[in-house]
Amino acid sequence: MTPSPPPLDSSLRWNDTVFSIFGVMTKTTQKATFSDRLGKPYSSTISSPPTCSKMEVGLSFFSGGQTVRFCGKYLFSAAGVTLLALLVILTGCTLGPIGTTKPLPATTSPLATTTAPPTTSPLPETDIPLTTPLAQRLEIPWSLAFLPDGSIIFTERPGRVRLIDAQGRLLPDPVLTISEVAARGEGGLLGITLHPDFARNGFIYVYYTYQSGGRLANKVVRFTLAGRTLSGGKAIIEDIPGATIHDGGRIKFGPDDLLYIGAGDAGVADLAQDKSSLAGKILRLKDDGSIPPDNPFPGSPVYSYGHRNPQGLAWDTQGRLWETEHGSSAHDEVNLIQPGKNYGWPVIRGEARVAGMEPPLIESGNDTWAPSGLTFLDGSLFFTGLRGQSLFRLNVANPQVFDRYLNGSFGRLRDVVVGPDKMLYVLTNNRDGRGSPRTGDDQIIRINPGKL
Ligand SMILES: [Ca+2]
């Protein structure tokens, strides 16, 4: 027998009952997202129905087989950007907790005719739950990749490469522990990726911080996986400036079968504008570390420059390279990368414009996403937020349209990867001293994008 909904106190705010107070609205799309206390996200178009007061907007969403409508109040607006927080309050509707609500009479449906079509393409819905933990009690996992048999290889920042077999079992012992790794601050064992011809050659590439003389540096090393053993260890590129902050670390092969490397500024901002330095760059190399003849600066691995701390790289179906990057004091960026271009750090940030420098496609304004991993699926870019503690979704056909999911449900999120099953695989990052570890942390979580 279903318990009847509790009586509603009209002065009760939704964040005290069902909803967290967080919402995001973009002025251009008139779309808001928010979540309940379990982290289940909802999105809504926004309108101005007569039932809401002048300072409020109307929102609606579908839950429990019916449309739920209410009014939301602005909390603040960030100057120059399109983010608004919404404090969601009830306005006289007879609603209990989500899922047990009664249908509303048609006369209280002012938003029924104002719902806009979805702004992003629908994704397949299956019986797979929205979130499923796949591996737990990990130590700062940073990056993962799928092997052809469906097993998962991933890095833990202290220096371990680990494997989840095709049956989903986490192997207790690492397939490799790299003693040379210097896990200081943001540095350590970071990116991992497979050679495009991995099935034939078994090549796996990792990016890590190490001690070089009296200083920290980063390198990319190629290993060979045979069975459950990683061996070899050929350096592809070394002496990328390192530090306890801004080590970059993402590595991926592009559709041109060349290796792209995100290198941070190592805390020395001006190096990003110095094309003779490897810091603050996206680098491009052949699989053996040699320099492609068509790189934009002849004889140099530099592909683009003026980056602060690139963290995510992904290509869309048109072959375009997208990048996420940490800004300074908010102003995080999503950039569309073109060879030889200057992305401005530290000369410009936010909406600033200088001739010869590329502004971001979108930036976070005064909000902080701390964007990390980036991937592409069915017309959308998905990226994870560390301080933002969310999974963000961007429509590449209209980059100003983005959604925000999970909102704190799993803490800081480091990486997101599309699996062979078209599910998203997300890494938490709560054990590095900057987060609040919870039971099971750190985790690899499977996300069903059809249920976002
Ligand atoms: Ca920039």
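**Figure 1. Overview of the protein chain.** The protein chain contains two helices and 30 strands. The model shown here and in the following views is predicted. Of the 452 residues in the protein chain, 45% are buried. Contacts between residues at least 6 apart in sequence were also examined: 53% of them join residues at least 24 apart.

**Figure 2. Strand 24 and its pairing with strand 25.** Strand 24 is joined to strand 25 (residues 380-385) by five bridges, and the two strands run antiparallel. Within this pairing, Leu374 has Phe383 of strand 25 as its bridge partner. Is strand 24 mostly covered or mostly uncovered? Six of the seven residues of strand 24 are buried, and the strand is thus described as mostly covered.

**Figure 3. The hairpin between strand 24 and strand 25.** Two residues lie between the strands of this hairpin. Asp378 in the hairpin adopts a positive phi near 50°.

**Figure 4. The pairing of strand 26 with strand 27.** Strand 26 (residues 391-395) and strand 27 run antiparallel and are joined by four bridges. Leu391 is placed opposite Tyr405, a residue of strand 27.

Figure 5. Ser277 belongs to the loop that lies between strand 17 (259-263) and strand 18 (281-285). Why is Ser277 classed as partly exposed? Ser277 has 19 other C-beta atoms within 10 Å, whereas a residue is counted as buried only if 20 or more lie within that distance and as exposed if 12 or fewer do, so Ser277 falls in between. When neighbours within four places in sequence are left aside, Ser277 is in contact with Pro241 and Leu271. Pro241 is 36 residues from Ser277 along the chain, and the C-alpha atoms of these two residues are separated by 8.1 Å.

Notes. Residues numbered from 1 in each chain as written. Predicted model: local features only at pLDDT ≥ 70, side-chain atom pairs only at ≥ 80, totals over all residues. Pairing = 2+ DSSP bridges. Contact = placed C-beta atoms within 7 Å.
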